[in-house]
2 protein chains.
Amino acid sequence: MNNKEFISELSRRLGYTVKDATTVTDSLIACIIQDLQEGKNVTIQNFGTFEVKKKMERISVNPLTKQRFLVPPKLNLCFKPNLTLKEKLKSNTSDD
Amino acid sequence: MNNKEFISELSRRLGYTVKDATTVTDSLIACIIQDLQEGKNVTIQNFGTFEVKKKMERISVNPLTKQRFLVPPKLNLCFKPNLTLKEKLKSNTSDD
């Protein structure tokens, strides 16, 4: 499902216009991103947790030229589905 | 940020009541989960893609008792942040 299909499905569910559904989705995403940028995890009920892990600055070596260089710090983002979501996905495969 | 904080931040941004913000979030999550359960990936603009990978049924062996058993099929969920999000997280660590 691409973004367009997602927004039209959401507008159908909420009884919103596509424009309002887009605004709502953008705000929700902006909320999540704002916190992730501050290095905070974001937990959404019945869904899961977006976790950011800070990878520190480190020195690495180019294997070809043997030259050393600095790798800047980085925020790694991962999503951990919670138990409810895992159960829903599990129960679904067994129905196939 | 836990779910309660997330909902109050979202209601502040949208100018909604907490109840409406909860309804909107639940609908958005339900949209995503419905498609994931059907084995379809979900892409959200400026954010990323939720991907489901089906792990087939397989036979495994208990290392202690050497007994063979059937591992049921499973849907594995992973989230791939898109480039926009990665850039936002990257640019943020360099500001620290």
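Buried area is the accessible area, taken with a 1.4 Å probe, that two parts lose on being put together, summed over both. In the predicted model described here, chain B and chain A bury about 4,500 Å² between them, and 69% of this area lies on carbon and sulfur atoms. The contact draws 45 residues from chain B and 45 residues from chain A.

On the side of chain B that touches chain A, at least two residues each are supplied by α1 (3-14), α2 (18-37), β1 (42-44), β2 (48-55), β5 (74-81) and α3 (83-95) of chain B. The most is given by α2(B), which contributes 14 residues to this side. Sorted by class, the side of chain B that touches chain A comprises 24 nonpolar, 13 polar and eight charged residues.

The nonpolar residues of the model were then considered as cores. The largest nonpolar core has 46 residues, and those with the most contacts inside this core are Phe47(A), Phe50(A), Phe47(B) and Phe50(B). In soluble globular proteins, nonpolar side chains tend to be buried together. The surroundings of Phe50(B) illustrate the contacts of one such residue: when residues up to four places away in sequence are not counted, Phe50(B) touches Phe47(A), Phe50(A) and Phe79(A) of chain A, together with Ile32(B), Leu36(B), Asn41(B), Val42(B), Ile44(B), Leu77(B), Cys78(B) and Phe79(B) of chain B.

With its neighbours within four places in sequence left aside, Val52(B) is in contact with Leu36(B), Gly39(B), Lys40(B), Asn41(B), Leu75(B), Asn76(B) and Leu77(B). Val52(B) and Lys86(B), by comparison, are 34 residues apart in sequence and 21 Å apart in space, from C-alpha to C-alpha. In chain A, Thr49(A) lies in strand β2, which spans residues 48-55, and Thr49(A) is likewise buried, with a relative accessible area of 17%. The side chain of Thr49(A) makes a polar contact with the side chain of Thr43(A) at 3.1 Å. Apart from neighbours within four places in sequence, the residues in contact with Thr49(A) are Asn41(A), Val42(A), Thr43(A), Cys78(A), Phe79(A) and Lys80(A).

Charged pairs were searched for in the whole structure, and 10 salt bridges were found over all chains. In chain B, Asp35(B) forms a salt bridge with Lys40(B), the closest N and O atoms being 3.8 Å apart, and Lys40(B) also forms a salt bridge with Glu38(B), with a closest N and O separation of 3.1 Å. Of these residues, Asp35(B) is buried at a relative accessible area of 3%, while Lys40(B) is partly exposed at 38% and Glu38(B) is partly exposed at 46%. Salt bridges that share partners also join Glu9(A), Arg12(A) and Arg13(A) into one network. Asp35(B) itself lies in helix α2 of chain B and, not counting residues up to four places away in sequence, touches Met1(A), Lys40(B) and Val42(B). In chain A, Lys40(A) forms a salt bridge with Asp35(A), the closest N and O atoms being 3.8 Å apart; here Lys40(A) is partly exposed, with a relative accessible area of 39%, and Asp35(A) is buried, with a relative accessible area of 3%.

A final feature concerns the backbone. Most residues other than glycine have a negative phi. Asn46(A), however, has a positive phi near 60° without being a glycine, and this residue lies in the loop between β1 (42-44) and β2 of chain A. In chain B, Asn46(B) has a positive phi of about 60° although it is not a glycine, and Asn46(B) is placed in the loop between β1 and β2 of chain B. Asn46(A) counts as partly exposed at 38% relative accessibility, and Asn46(B) is partly exposed with a relative accessible area of 38%.

Note on methods
Residues numbered from 1 in each chain as written. Chains lettered and ligands numbered in written order. Predicted model: local features only at pLDDT ≥ 70, side-chain atom pairs only at ≥ 80, totals over all residues. Heavy atoms only, no water. Contact = heavy atoms within 4.5 Å. Helix = DSSP H or I, 4+ residues; strand = E, 2+ residues; numbered from the N terminus. Nonpolar A, V, L, I, M, F, W, Y, C, P; charged D, E, K, R; others polar. Salt bridge = Lys/Arg side-chain N within 4 Å of Asp/Glu carboxyl O. Buried < 20%, exposed > 50% of the residue type's maximum accessible area, 1.4 Å probe, protein only. Core = buried A, V, L, I, M, F, W, Y, C linked by side-chain atoms within 4.5 Å. Polar contact = N/O pair within 3.5 Å; in protein donor to acceptor, adjacent residues only side chain to side chain.
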